[in-house]
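This report goes through the strands, their pairing and some contacts between side chains. Please keep the sequence and the structure in view while reading.

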Amino acid sequence: QVQLVESGGGLVQAGGSLRLSCAASGSIARINDMGWYRQAPGKQRELVADITRGGNTNYADSVKGRFTISRDNAKNTMYLQMNSLTPEDSAVYYCNAYIFRSLTSSNNYWGQGTQVTVSS
């Protein structure tokens, strides 16, 4: 089995920072693209940022210049450094990864989510 576990969410004041982590565990041969998504109440889940295995990154316009995505392939872990947070960033943040369990077995996996709340 493969599991993605997020951590690092919490309550922070506007202007503050948080660092999210996503650790993948289980029977993993290789992790390709990884990404962070978020979903606020009453809204659709949206892409925040994603990163290829080689480190190429992509950000939603709303977080460019404030958030930084990174990964450690040796640790099967991805991070999201979030700075200058605003109440509009409040949401459940989900980790996503495309994982190969073997050369012929792969799937898209989601974490359980971590709540980020930014107070004004």
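This is a predicted model: local features need pLDDT of at least 70, side-chain atom pairs count only at pLDDT 80 or more; totals for chains, interfaces and linings use all residues.

Strands of a sheet pair through backbone hydrogen bonds, and the pairing can be parallel or antiparallel.

S1 and S3 belong to an open sheet of four strands, in the order S1-S3-S8-S7, with antiparallel pairing. Strand S1 (2-7) and S7 are at the edges and have a single partner strand each, so one side of each has no neighbour in the sheet. On average, and with direction ignored, neighbouring strands of this sheet are turned by 15° against each other.

## The hairpin of S7 and S8

At one end of the order, S7 is joined to strand S8 (residues 77-82) by six bridges, and the two strands run antiparallel. Phe67 has Met82 in S8 as its bridge partner. S7 and S8 make a hairpin with four residues between them. In the turn, Asn76 has a positive phi of about 50°.

In a regular strand, side chains alternate between the two faces of the sheet. Which residues of strand S7 (residues 67-72) are buried? Phe67, Ile69 and Arg71 are buried and point to one face.

## Aromatic pairs

How many aromatic pairs does the structure hold? There are two. One is formed by Tyr37 and Trp110, which are edge-to-face, with 5.0 Å centre to centre and 65° between the planes. This pair links distant parts of the chain, with Tyr37 in strand S4 (residues 30-39) and Trp110 in strand S10 (residues 106-110), 73 residues apart. Tyr37 counts as partly exposed because its relative accessibility is 22%. Trp110, at 37% relative accessibility, also counts as partly exposed.

Why is the pair of Tyr98 and Phe100 edge-to-face? The ring centres of Tyr98 and Phe100 are 5.6 Å apart and the planes are at 80°, and planes over 60 degrees apart count as edge-to-face. Tyr98 has a relative accessible area of 34%, so Tyr98 is partly exposed. Phe100 counts as partly exposed too, at 22% relative accessibility.

## Charges over rings

Two arginine side chains are placed over aromatic rings. The charged end of Arg19 sits over the ring of Tyr79, and the distance to the ring centre is 4.1 Å. The charged end of Arg45 sits over the ring of Trp110, 4.6 Å from the ring centre. Trp110 is therefore in contact with the charged end of Arg45 as well as forming an aromatic pair with Tyr37.

Notes: Residues are numbered from 1 along each chain as its sequence is written. Side-chain values use heavy atoms; hydrogens and water are left out. Buried means under 20% relative accessible area, exposed over 50%, partly exposed in between (1.4 Å probe, protein chains only). Two strands pair if DSSP finds at least two bridges between them. Rings of Phe, Tyr and Trp (its six-membered ring) pair if their centres lie within 6.5 Å; planes under 30 degrees apart count as stacked, over 60 as edge-to-face and the rest as tilted. A charge sits over a ring if NZ of Lys or CZ of Arg is within 6 Å of the ring centre and within 35 degrees of the ring normal. Axes are lines fitted to C-alpha atoms, for helices over the stretch in contact, and angles run from 0 to 180 degrees between N-to-C directions.
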